[in-house]
Amino acid sequence: MSAHPSADNRAPATPAGTTAAAQTGSPREYLSFKLGNEEYGIDILRVQEIRGYEPPTRIANTQHFIKGVVNLRGVIVPIVDMRLRFGLPDVQYNSFTVVIILNIGHRTVGMVVDSVSDVLELAPGQIKPAPEFNGAIDAAYITGLGTIKHGDDERMLILMDIEQMMMAPDMGLIDADTAMH
């Protein structure tokens, strides 16, 4: 019988811990990547895979930031160059340049970035609201600023709602019918 009371004493602690976690939210994982001098983060659940950059097949009459398409195991995937999308100068492709393959609105889309850093887990307390500003990226697509500390060093991660951005009408990637299904 003494084992049961001890188990009963622990039982209330678990729901209380769960309640506290529910109030603050649970940590989320983000894939961090670099564009120019800035580091961004996107929800890891949107990422299908990371591939080396291969020149895509160009498609006429597309937005300047859409580099073309690639055939990924039988699926035609549009490739968006995020440096061009954000209006950054000096787009160069090197051995660090990668394509992040995303699952967005029942569609597969690739985005070219300078490099991928790592997968980071951020607790809600590490994320601050995004400030209001006019920049290369529409502030509506920024969900917050993540802070990662390593000893005395601190990294700032611009957290993006990549799904909202890729589904935006100005991207021309996902039509209204696709987004609804």
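Tutor: The open sheet has five strands in the order 3-6-7-5-4, and their pairing is mixed. Strands here are DSSP runs of E with at least two residues, helices are runs of H or I with at least four, and both are numbered from the N terminus. Two strands count as paired if DSSP finds at least two bridges between them. At the edges stand strand 3 (47-52) and strand 4 (66-72), each of which pairs on one side only. From one strand to the next the twist averages 30°, where axes are lines fitted to C-alpha atoms, for helices over the stretch in contact, and angles run from 0 to 180 degrees between N-to-C directions.

The model is predicted: local features need pLDDT of at least 70 and side-chain atom pairs pLDDT 80 or more, while totals for chains, interfaces and linings use all residues. Residues are numbered from 1 along each chain as its sequence is written, and side-chain values use heavy atoms, with hydrogens and water left out.

In general, strands of a sheet pair through backbone hydrogen bonds, either parallel or antiparallel. Strand 6 (residues 98-104) and strand 7 (residues 107-113) run antiparallel and are joined by seven bridges. Within this pair, Ile100 stands opposite Met111 of strand 7.

Strand 6 also has a part in the largest cavity: strand 3 and strand 6 each supply at least two residues of its lining. A cavity is found on a 1 Å grid over the protein atoms alone, as a set of points where a 1.4 Å probe fits but cannot get out; lining residues have an atom within 4 Å of a point. The volume of the largest cavity is about 60 Å³, a volume being the space filled by probe spheres set on the points, which are joined across faces, edges and corners. Its lining consists of Arg51, Gly52, Glu54, Val70, Ile79, Val99 and Ile101. By class, four of these residues are nonpolar, one is polar and two are charged. Here Ala, Val, Leu, Ile, Met, Phe, Trp, Tyr, Cys and Pro count as nonpolar, Asp, Glu, Lys and Arg as charged, and the others, Gly among them, as polar.

The setting of the sheet is a protein chain with five helices and eleven strands. Of its 181 residues, 36% are buried, that is, under 20% relative accessible area, with exposed meaning over 50% and partly exposed in between (1.4 Å probe, protein chains only).

Definitions and conventions: On a 1 Å grid over the protein atoms alone, a cavity is a set of points where a 1.4 Å probe fits but cannot get out, and a pocket is an open set with protein on both sides within 12 Å along at least five of seven lines; lining residues have an atom within 4 Å of a point.
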